[in-house]
Amino acid sequence: MIHKVEAEVGGRNLTLESGRVAKQALGAVSVQYGDTMILATVVVSDEPREQDWFPLFVEYRQKAYAAGKIPGGFFKREGRPGEKEVLSARLVDRPIRPLFPEGYMNEVQIIVSVLSADQENDADVLGMIGASAALCLSGCPFQGPIGAVRMGRLGDEYVVNPTFSQLEESDLDIVISGTSESLSMIEGRAKEISEEVLLGAIEAARPTLDRVIQLQEDLVAVCGRPKEKFEAKPVDDKLVAAVKERASEEISRINTIADKEARQKALTALVESTLEALGEEFPEREGEMKTALQDLEKADMRRKIIERGQRIDGRKLDEIRPISCDVAFLPRTHGSALFTRGQTQSLAVTTLGTKMDEQKIDALEGESWKSYMLHYNFPPFSVGEVRPIRGPGRREIGHGALAERAIEPVIPSDEVFPYTIRIVSDILESNGSSSMATVCAGSLSLMDAGVPMKEAVAGVAVGLVKEDDRVALLTDILGIEDHLGDMDLKATGTKNGITAVQMDLKISGISLEVLGQAFERARQARIAILDAMNKTISAPRAELSVYAPRILTLVIDPEKIGDVIGPGGKVIRKITEETGAQIDIDDDGTITIASSDPEGGPKALEIIKNLTADVEVGQVYTGKVKKITGFGAFVEILPGKEGLVHISQLEHHRVARVEDVVNLNDEIQVKVLDIDDQGKIRLSRKVLLGGGPERTKSHQRRRPPSKHRPKINR
């Protein structure tokens, strides 16, 4: 039986339907908003896995047919997921994962398929709603549903689920998710907005979240499966007590070791000694003893923070780790920076390219070109591990996208700085907040490269430990504080406001009040970090690196593009060969010239200007004599444009032969006298020679007498 529910959300109908398709999945829901439609399915394994992490797998797939397209490439079918699909899968995963009970180890697979795309409404939020609804229908012990909404702002008005065209004008693009009681996930970008504006958007999203949650509950009420009862494996109190008695004192000591490597060595030694000491009393119970030790470590760290305000490395709750900044770290790159905060270090390198280096984006919404990109790499040595190096994973793509949108608001427009910009962040050390280190290092490397960015950008991560009603916020969290804590709030911005935000929770949610306190803590830290960065470099360098290409632009009449290209590209190839410059021509007549040679670019620009220039009456040109006739000389004053210097316009005196004044291939200066209706150009040389000779008898040439002329008597 088909079941359907719908409600008005943001001025459009949001429809949820189940029972028509994918009936062999444990839960399947189609979600439609406008003409955008997704299908979310859930399948759960019958038996749990024996492991220490929850096996939740989320896949988000866009079908090319959804936008009436045929995939490109040789195979003409969808391949590995693109960046948009990876980021959308993470968006679905993050608010759902914390809502499964601790200890639940059955494999859960969620697949979101984009079936129809109307080019106006993004499908990612629909995927979040559909995944939540399908989980609720499946009967698995999911503690949802969750609501999800995208918020924008036009002027001073918040907009619910803005369209793609509205987002182009919006100073805010943020996705918010939450349960009926609290917030669970936030992610988005902004154009240097205040914390108050961002909190206002989150507060304005609450009615929509409640409406979406109610819609799911209505669907579950008519077709949901009975919810599975789950009870975690009972804890052996005797084993836990034995582990605690033996290891609690050492755990307390280890939780004061700030150095990551030393801490890990101490923990490893404690695990080995505990297993050896208790192995006879609890045979074949190694997994349970390791879990008990981890729980003991977590409880001790959280208790010290809540009760004493004591962190592992001895910092105050609002204190930032020591910071060091270096620019021009690499000698041959266009711009580079090394940013170190505690044991987290990012090497960021900025490379400047031409329009030919732009990235082509083939999305469901249409094709576009990207002239700014940031890539994040996380090699295994950064955390002292050995593992294979393959292509970028979901974490690397997600962290890179966060850092990219953090810096994007300060990137100059193409009109101001017509370069393609690529930033690469290589994480050399990691102990918390490597994506925020990437933002800081990336901003420094842009300034080192001489990119005329508007402001410096910095980022910081704020953590949370929550025990009942007691809450502690931690500025600039360590990796272990992230792992054993309850929140990871990343906030980036300039001195003027927020540019990007991402919040993930390990608990079911937090209140708007606590979130506001966390944003204020992040703002204070951001200003302090910017001050440290500005001591190293406070403004972009006045000159680009000598190794960076110089880009010149020229706008010509589009009808003259053919003159620059020439038949079969002959002309533009010749210019490139002569100057070594790269030349790119847009259909609107914009010509971009790039050259690492300081002389090549200007030379190519001058050639193109001459090729496309119009001859002006009264203008003086230096031209080359191309042809000589009995009545004058044809002079090329611009490429492909010749005019006639009549023999009478060569000198002030009478010229018997053109060759007496000019020869073939001579360069002479001429002035344009006029251009007739047929485009013929009349030139003069003599008008540039100053005044004519004085007409005296000595300068006059007398005609010799002719013996054939009759004599006249007077």
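**Helix pairs, cavities and loops**

Reply: Happy to, and let's begin with a pair of helices: the axes of helix α5 (residues 237–254) and helix α6 (residues 260–278) come within 11 Å, crossing at roughly 165 degrees. Because of that angle, α5 is roughly antiparallel to α6. Do keep in mind that this is a predicted model.

Me: Is the crossing of α5 and α6 right-handed or left-handed?

Reply: α5 passes α6 in a right-handed crossing.

Me: And which residues in α5 and α6 meet?

Reply: On the α5 side they are A242, V243, R246, A247, E250, I251, R253 and I254. Their partners in α6 are R263, A266, L267, L270, S273, T274, A277 and L278. Sorted by class, the contact of α5 with α6 has ten nonpolar, two polar and four charged residues.

Me: How about α13 and α14: how do their axes cross?

Reply: The axes of helix α13 (residues 570–579) and helix α14 (residues 600–612) cross at roughly 150 degrees and come within 9 Å. Angles over 145 degrees count as roughly antiparallel, so that is what α13 and α14 are to each other. The crossing of α13 and α14 is right-handed.

Me: Nice. What meets what in α13 and α14?

Reply: V571, I575, E578 and T579 in α13 meet a set in α14 made up of G600, K603, A604, I607, I608 and L611. The contact of α13 with α14 splits into six nonpolar, two polar and two charged residues.

Me: Switching topic: how many cavities of 30 Å³ or more does the structure hold?

Reply: Four cavities of 30 Å³ or more are in there. The largest cavity has a volume of about 90 Å³.

Me: Which residues line the largest cavity?

Reply: The lining of the largest cavity consists of L14, Y33, N121, D122, D124, V125, L126, I129, R150, N161 and P162. Helix α2 (residues 124–138) gives the most to this lining, with four residues. Six nonpolar, two polar and three charged residues make up the lining of the largest cavity.

Me: What about the second largest cavity, what volume does it have?

Reply: The second largest cavity has a volume of about 70 Å³. It is lined by 14 residues, and the closest to its centre are A117, N121, D122, A123 and E365. The lining of the second largest cavity divides into six nonpolar, four polar and four charged residues.

Me: Last topic, the backbone. Is the peptide bond from G144 to P145 cis or trans?

Reply: The bond from G144 to P145 is cis, with omega near 10 degrees.

Me: And where is P145 placed?

Reply: You'll find P145 in the loop between α2 and β7 (147–154). As mentioned for the largest cavity, α2 is the helix that gives the most to its lining.

Me: One more: what phi does S433 have?

Reply: S433 has a positive phi of about 65 degrees, although S433 is not a glycine. To look at it yourself, go to the loop between β17 (420–429) and α9 (434–449), where S433 lies.

Notes. Residues numbered from 1 in each chain as written. Predicted model: local features only at pLDDT ≥ 70, side-chain atom pairs only at ≥ 80, totals over all residues. Heavy atoms only, no water. 1 Å grid on protein atoms, 1.4 Å probe; cavity = no way out; pocket = protein on both sides within 12 Å on 5 of 7 lines; lining within 4 Å. Points joined across faces, edges and corners; volume = space filled by probe spheres on them. Helix = DSSP H or I, 4+ residues; strand = E, 2+ residues; numbered from the N terminus. Nonpolar A, V, L, I, M, F, W, Y, C, P; charged D, E, K, R; others polar. Axes fitted to C-alpha atoms, helices over the stretch in contact; angles between N-to-C directions. Parallel < 35°, antiparallel > 145°, perpendicular 65-115°, else oblique. Left-handed = near helix turned anticlockwise from the far one by under 90°. Contact = heavy atoms within 4.5 Å.
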